Amino acid sequence: MGLLRFFLTNHVEVLELTGEHLWLVGVSMLLAVVVGVPLGILLTRRPSLNKPILGSANIMQTVPSLALFGLLLPVPWIGARADRLTILALTLYALLPIIRNTHAGITGVDRAVVEAGRGMGMTDRQLLFQVELPLALGVIIAGVRVATVISVGVATIAAAIGAGGLGEYIFRGLAMVNNNLILAGAVPAALLALAADVVLGQVERRLRASQ
Amino acid sequence: MRESPENAAIIEFDNVRYAVDSQRDLLRGLNLQVRRGETLVLLGRSGSGKTTTLKLINCLLVPSSGEVRVEGRSTLAWDPIQLRRRIGYVIQEVGLFPHFTVERNVGLVPGIEGWPRERIRERVRELLLLVGLDPQLGSRYPRELSGGQRQRVGVARALAADPPILLMDEPFGALDPITRSEIQHEFLALEQRLKKTVVFVTHDLREGLLLASAGGRIGLFEAGRLVGVYTAEEFLRAGDPLVAEYLAAFRGGDNLIAG
């Protein structure tokens with residue numbers, strides 16, 4: 001097939017673009033977890049913050065990705081480099097599933113278990129780290145999984161602003177009306193998304209089974 | 001903490017009121033003293049205030065007015081964490097940690113108190129035997145146990161750090177009648193051996209009479225008020241209409257005295 005030959009002749013560039021893609025998704029997912037999980041935990045401690053936090057994350061999700069990229073362009077420092085902008089946008093997109101799942105995971109822990117723990121004299125921190133987080137982990141990973149798959153998809157659009165990644169091939173292919181080129185970007189991107197879904201799905205299943 | 005004579009009150013309620021909001025008083029005008037080493041059964045219907053009373057002791061709830069004192073100190077003056085670690089707490093759903101083994105569950109409080117590992121292991125073994133379980137169950141997970149076994153682990157867990165006070169909130173309510181009767185009698189024997197102060201919430205009159213039968217007392221609650229405190233015999237002979245109502249409700253086909 002023409003596509004296979006393309007991969008063989010351009011394997012260096014394909015790997016380079018895949019690497020860029022993984023980098024964009026990887027860094028933004030890390031940031032989203034570092035920010036999103038604590039926010040989700042905070043929400044369980046201060047339910048009054050529900051509206052502002054979930055509301056903002058929800059707004060991020062509703063803005064179409066290309067529009068979000070456009071909106072962030074004029075922002076100082078961030079808008080100056082395409083990859084910084086992309087990472088910020090991807091992080092914002094990943095926040096909602098992660099915050100929401102962290103919150104749902106923790107509030108979904110059996111109330112009797114939390115009550116027993118509190119009644120026996122566990123501090124809030126001990127309860128959080130020894131009971132609530134371990135038991136909520138499966139649901140939290142599910143949120144990370146969904147966010148990662150979305151990120152891989154949105155990252156293809158990043159090529160539109162020059163951030164690199166597999167979207168490069170897709171946009172180039174669209175401009176040159178070259179099907180092979182489009183597929184050369186779309187197929188690996190789809191495979192990446194699938195791989196993330198499967199791997200994280202396994203992690204999730206393993207965690208849920210141990211409960 | 002001041003020195004208390006043998007039979008002094010280890011828990012005191014001083015005109016305690018607990019309200020959820022300005023409309024509803026869950027508990028009103030509660031004056032009660034629990035003597036060191038006694039078993040006090042809090043008996044009453046659902047919503048009568050007995051669980052609220054229990055939770056005021058280990059500071060899961062705080063009085064709206066009045067004072068609750070444990071070992072002579074107001075619960076507000078205690079560090080709630082320290083207070084709760086000195087009080088064993090057993091609830092109906094048990095609340096064992098599903099991701100911990102039985103051993104780790106029982107050893108929870110000693111663990112967070114920093115006991116050396118060997119001492120914890122020994123203590124867990126001792127406790128599992130005490131509540132009538134095979135110590136080999138220590139390596140199992142709660143989901144692998146029967147309801148009765150789980151509840152016994154719950155009791156073992158509450159006793160782990162050897163607390164002077166034990167609070168129990170309808171702990172045997174979810175068990176089938178045969179297991180329940182078995183575990184009640186075992187617990188009665190255990191009570192007498194350990195000589196701890198036990199406050200036991202139940203709506204089951206027979207259970208209350210049994211557990212108070214060895215020198216304990218029964219506090220009857222109704223609509224947020226403590227109606228009276230009686231020994232088991234006094235309760236059966238009491239003229240109070242509420243007591244009579246309670247006894248009548250249980251008379252249907254049951255032989256109470258033999259219980």
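1. Helices (H or I, at least four residues) and strands (E, at least two) are taken here as DSSP runs, numbered from the N terminus. On that basis chain A has nine helices and zero strands, and its elements, read from the N terminus on, follow the order α-α-α-α-α-α-α-α-α. The model is a predicted one, in which local features need pLDDT of at least 70 and side-chain atom pairs count only at pLDDT 80 or more, while totals for chains, interfaces and linings use all residues. Residues are numbered from 1 along each chain as its sequence is written, with chains lettered from A and ligands numbered from 1 in the order in which they are written.

2. As to the overall form of chain A, its C-alpha atoms fill a box of roughly 65 × 40 × 20 Å along the principal axes. A residue is called buried if 20 or more other C-beta atoms lie within 10 Å of its own, exposed if 12 or fewer do, and partly exposed in between, the C-beta atoms being placed from the backbone; buried residues make up 40% of the 211 residues in chain A. Two residues are in contact if their C-beta atoms, placed from the backbone, lie within 7 Å, and of the contacts in chain A with a separation of 6 or more, 73% are between residues 24 or more positions apart.

3. The packing of two helices of chain A deserves a point of its own. Helix α7 (residues 124-157) and helix α9 (residues 179-209) of chain A pack at about 175°, and their axes are 9 Å apart; axes are lines fitted to C-alpha atoms, for helices over the stretch in contact, and angles run from 0 to 180 degrees between N-to-C directions. The pair α7(A) and α9(A) is therefore roughly antiparallel, a label given to angles over 145 degrees, whereas those under 35 count as roughly parallel, 65 to 115 as roughly perpendicular and the rest as oblique. Among the residues making this contact are A:Leu137, A:Ile141 and A:Val152 of α7(A), together with A:Leu192, A:Ala196 and A:Leu200 of α9(A). By class, the contact has 13 nonpolar, six polar and four charged residues, where Ala, Val, Leu, Ile, Met, Phe, Trp, Tyr, Cys and Pro count as nonpolar, Asp, Glu, Lys and Arg as charged, and the others, Gly among them, as polar.

4. A:Gly173 lies in helix α8 (residues 167-176) of chain A. Apart from its neighbours within four places in sequence, A:Gly173 is in contact with A:Asn178, A:Asn179, A:Leu181, A:Ile182 and A:Gly185.

5. Where the two chains meet, 16 residues of chain A and 16 residues of chain B take part in the contact. On the side of chain A that touches chain B, α6 (111-119) and α7 of chain A each supply at least two residues, and the largest share, six residues, comes from α6(A). That side of chain A has eight nonpolar, six polar and two charged residues.

6. Chain B is divided into domain 1 (1-86 + 166-250) and domain 2 (95-163), with bounds that come from an automatic or database domain assignment. The centres of the two domains, taken over C-alpha atoms, are separated by 25 Å, and their contact takes ten residues from domain 1 and eleven residues from domain 2. Helix α7 (residues 177-194) of chain B gives the most to the domain 1 side, with three residues.

7. Six strands of chain B form an open sheet of mixed pairing, in the order β6-β7-β8-β3-β9-β10, where two strands pair if DSSP finds at least two bridges between them. Because β6 (87-91) and β10 (225-230) of chain B stand at the edges with a single partner strand each, one side of each is left without a neighbour in the sheet. The twist averages 15° from one strand to the next.

8. Strand β7 (residues 165-169) of chain B pairs in the parallel sense with β8 (residues 197-202) of chain B over five bridges, and five bridges also join it to β6(B), again in parallel. B:Leu166 has B:Val198 as its bridge partner in β8(B) and stands opposite B:Gly88. Five of the five residues of β7(B) are buried, so the strand is largely enclosed by the rest of the structure.
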